[in-house]
Amino acid sequence: MRAPPFPLSPRQNATASSIAVQRAGGVLNPEAAAEANPRDNTATRAFSSTTIKSSDGRCLFIDPQAGDFRQNLIPVQLQDCDGSEGEKWDIITKGEHIDQEDAMLAVSTVTQGCLNFDPRRKAGDQVILFSCGGRADGGGKVTDSQEFAFKDGETTLQLSPLSEAETCLVADGAKLGSAGCSGGAGQTFTIG
């Protein structure tokens, strides 16, 4: 699956003309998106603008137009790596939205939204991009549904949200799903 060309992010062009989005709101609101997803310039980035790959070599990918008017609720997908902006991530280990040792945030380089696991959502739509801190308007500080177990310098890992002990993200076709952590190949991801 190949994504359409990317629009400028809200931070790049806060006065952009109407850009259709697929979820609530129907049209991207650049000012609301910039407010909801500000870049944390105080953060410690273990990796910047890197890829996260599944065990079969596909990249975690987001389409900024697949979310709502704030660039929230964007499904995180898997696709063949092609170098596009939607597959670039910052791995943050310290900052405004993380309060645990041995943990990380995976932040989309293009939208500044966080990888988020929400088991309350229907299967197949539980792994999404959402405002770091967990509030749609960007006013949240920390949520453990966005913090994932991580040891400094680690490049091969399981993506296990701190909010759900013993749960790991798993490659499930073109999407990410979840399952009990088993160490299986579908639960192994590589940074970079």
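Residues are classed by relative accessible area, buried meaning under 20%, exposed over 50% and partly exposed in between, with a 1.4 Å probe and protein chains only. The structure is a predicted model, in which local features need pLDDT of at least 70, side-chain atom pairs count only at pLDDT 80 or more, and totals for chains, interfaces and linings use all residues. Residues are numbered from 1 along each chain as its sequence is written, and side-chain values use heavy atoms, with hydrogens and water left out. Helices (H or I, at least four residues) and strands (E, at least two) are DSSP runs, numbered from the N terminus.

Disulfides were assigned to pairs of cysteine sulfur atoms within 2.5 Å. By this rule the model has three disulfides. With the bonded cysteines of the chain numbered in sequence order, the pairing is 1-2, 3-4, 5-6.

Cys-59 and Cys-81 form a disulfide with their sulfur atoms 2.0 Å apart. The link of Cys-59 and Cys-81 is right-handed, with 105 degrees about the S-S bond. This pair links distant parts of the chain, 22 residues apart: Cys-59 is in strand β3 (residues 59-61), and Cys-81 is in the loop between β5 (77-79) and β6. Cys-59 is buried, at a relative accessible area of 0%, whereas Cys-81 is partly exposed at 31% relative accessibility.

Cys-114 is joined to Cys-132 by a disulfide, S to S 2.0 Å. The torsion about the S-S bond of Cys-114 and Cys-132 is about 100 degrees, so this disulfide is right-handed. Because Cys-114 lies in strand β8 (residues 114-117) and Cys-132 in the loop between β9 (127-130) and β10, the pair ties together parts that are 18 residues apart in sequence. Cys-114 counts as buried at 0% relative accessibility, and Cys-132 counts as buried at 9%.

A disulfide also joins Cys-168 to Cys-181, with an S to S distance of 2.0 Å. The S-S torsion of Cys-168 and Cys-181 is about 100 degrees, so the disulfide is right-handed. Here too the pair links distant parts of the chain, 13 residues apart, with Cys-168 in strand β12 and Cys-181 in the loop between β13 (175-180) and β14 (189-191). Cys-168 is buried at 0% relative accessibility, while Cys-181 is partly exposed, with a relative accessible area of 28%.

Thr-167 is placed in strand β12 (residues 167-172) and counts as buried at 14% relative accessibility. Contacts were taken as heavy atoms within 4.5 Å. Not counting residues up to four places away in sequence, Thr-167 touches Phe-117, Leu-159, Ser-160, Pro-161, Ser-178, Ala-179 and Cys-181.

The loop between β5 and β6 also holds Gly-86. Gly-86 is buried, with a relative accessible area of 0%. Its C-alpha lies 7.4 Å from that of Pro-64, and Gly-86 and Pro-64 are 22 residues apart in sequence.

Strand β7 (residues 103-108) is largely enclosed by the rest of the structure, because six of its six residues are buried. Ala-103, Leu-105 and Val-107 point one way from β7, Met-104, Ala-106 and Ser-108 point the other way, and all are buried. Two strands were considered paired if DSSP finds at least two bridges between them. Strand β6 (residues 89-94) pairs with β7 in the antiparallel sense over four bridges. Within this pairing, Asp-90 has Val-107 of β7 as its bridge partner. Strand β10 (residues 148-149) runs antiparallel to β7 and is joined to β7 by two bridges; Met-104 stands opposite Phe-148 in β10.

Grid points are joined across faces, edges and corners, and a volume is the space filled by probe spheres set on the points. By this rule there is one cavity of 30 Å³ or more. The largest cavity has a volume of about 60 Å³. The lining of the largest cavity consists of Pro-38, Asp-40, Arg-45, Ile-92, His-97, Leu-105, Val-107, Gln-112 and Cys-132. These lining residues divide into five nonpolar, two polar and two charged, where Ala, Val, Leu, Ile, Met, Phe, Trp, Tyr, Cys and Pro count as nonpolar, Asp, Glu, Lys and Arg as charged, and the others, Gly among them, as polar.

Conventions
On a 1 Å grid over the protein atoms alone, a cavity is a set of points where a 1.4 Å probe fits but cannot get out, and a pocket is an open set with protein on both sides within 12 Å along at least five of seven lines; lining residues have an atom within 4 Å of a point.
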